[in-house]
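Okay, thanks everyone for coming.

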Amino acid sequence: MAALVRAVKCQTGMPQWITVCSGLMQSTLPQAQWDRMLDGTLQRHETGRPQLNKVCGGLIQTRGAITQQRRMLHSTDQKIKIAALRMYTCCVERTDYEEFFHRCHMPDTLNSWFLVAQLHVWMCLVRMKQEGRAGKYMCRYIVHSMWEDVEQRGKVMGIDSVTLKESMRSMTENFYAAIFGYDEGILSDDHVLAAALWRNFFNKHCEDPRQLELLVEYVRKQMQYLDAINGEDLLLAGEVTWRPLVESNAQSILRPTPPTYNDEGL
């Protein structure tokens, strides 16, 4: 405050510059640092008017650069959110649920749908975590989209709010337990992956080893398929395709075709 009082006593024209600088610097610098810089500037006001101009010009340029950077980050965030929503949509709209229900002897219920969906969401999370900070950021929105979709589907099915809330709490616990087990399985051998699928996907009710073998093979080939997709394409477009649960030709897994998108990532 003492520095501001001395500013009033400066020669005509200086206080206006100080006022402008004050507004800029207080928004970018701590108060103590601002007081020290202003104090030194005022002591040289008779010969230091150009220096004050230089300080103000630098601050204006700095604020402009910060604003531009924030706009760029906001634009990037929006593109990642859109790509995340598309990737989640691929998990639920490009998966043959009837095939899974039939092959794995699962009832056609919301919980069965969720078990199949979360398996595919997990595979997407594993792939996107390889893309650094942007990929991990995208993972958050994939999971966010999943929970919003689960809640909406429950309401459409007529599940009352209390039951739906309890079901979502149970699904949340199962989801994080499942991805932990699946992570361990994908990094280990087929026996560990099969055990994780038996606990989480089949809820320990699978007595047919052929069903486990089918799912282990599906996860392995699908992860190989996802790894072949360019990371930048996934971040920009979020387009994912899934191999059939049962391959008509085991040698038919080819390198995925890169998606097409415009300059906006759309």
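Quick definition before the helices: axes are lines fitted to C-alpha atoms, for helices over the stretch in contact, and angles run from 0 to 180 degrees between N-to-C directions. Helices here are DSSP runs of H or I with at least four residues, numbered from the N terminus. One caution: this is a predicted model, where local features need pLDDT of at least 70, side-chain atom pairs count only at pLDDT 80 or more, and totals for chains, interfaces and linings use all residues. Residues are numbered from 1 along each chain as its sequence is written, and side-chain values use heavy atoms, leaving out hydrogens and water.

So, H6, residues 110-128, packs against H7, residues 132-156, at about 170 degrees, and their axes are 9 Å apart. Angles over 145 degrees count as roughly antiparallel, and therefore that's what H6 and H7 are. Their contact has 13 nonpolar, 3 polar and 3 charged residues. (Nonpolar is Ala, Val, Leu, Ile, Met, Phe, Trp, Tyr, Cys and Pro; charged is Asp, Glu, Lys and Arg; polar is the others, Gly among them.)

How buried is H6? Mostly covered: 18 of its 19 residues are buried, meaning under 20% relative accessible area with a 1.4 Å probe, protein chains only.

Now the cysteines. Calling a disulfide a pair of cysteine sulfur atoms within 2.5 Å, we get 0 disulfides. Cys124 is in none, with the nearest cysteine sulfur, from Cys91, 3.5 Å away. Cys124 is buried, at 1% relative accessibility. What about Cys206? Its closest cysteine sulfur, in Cys104, is 7.7 Å away, too far for a bond. Cys206 is buried too, at 10%.

How values were computed
Helices (H or I, at least four residues) and strands (E, at least two) are DSSP runs, numbered from the N terminus. Angles under 35 degrees count as roughly parallel, over 145 as roughly antiparallel, 65 to 115 as roughly perpendicular and the rest as oblique. Buried means under 20% relative accessible area, exposed over 50%, partly exposed in between (1.4 Å probe, protein chains only).
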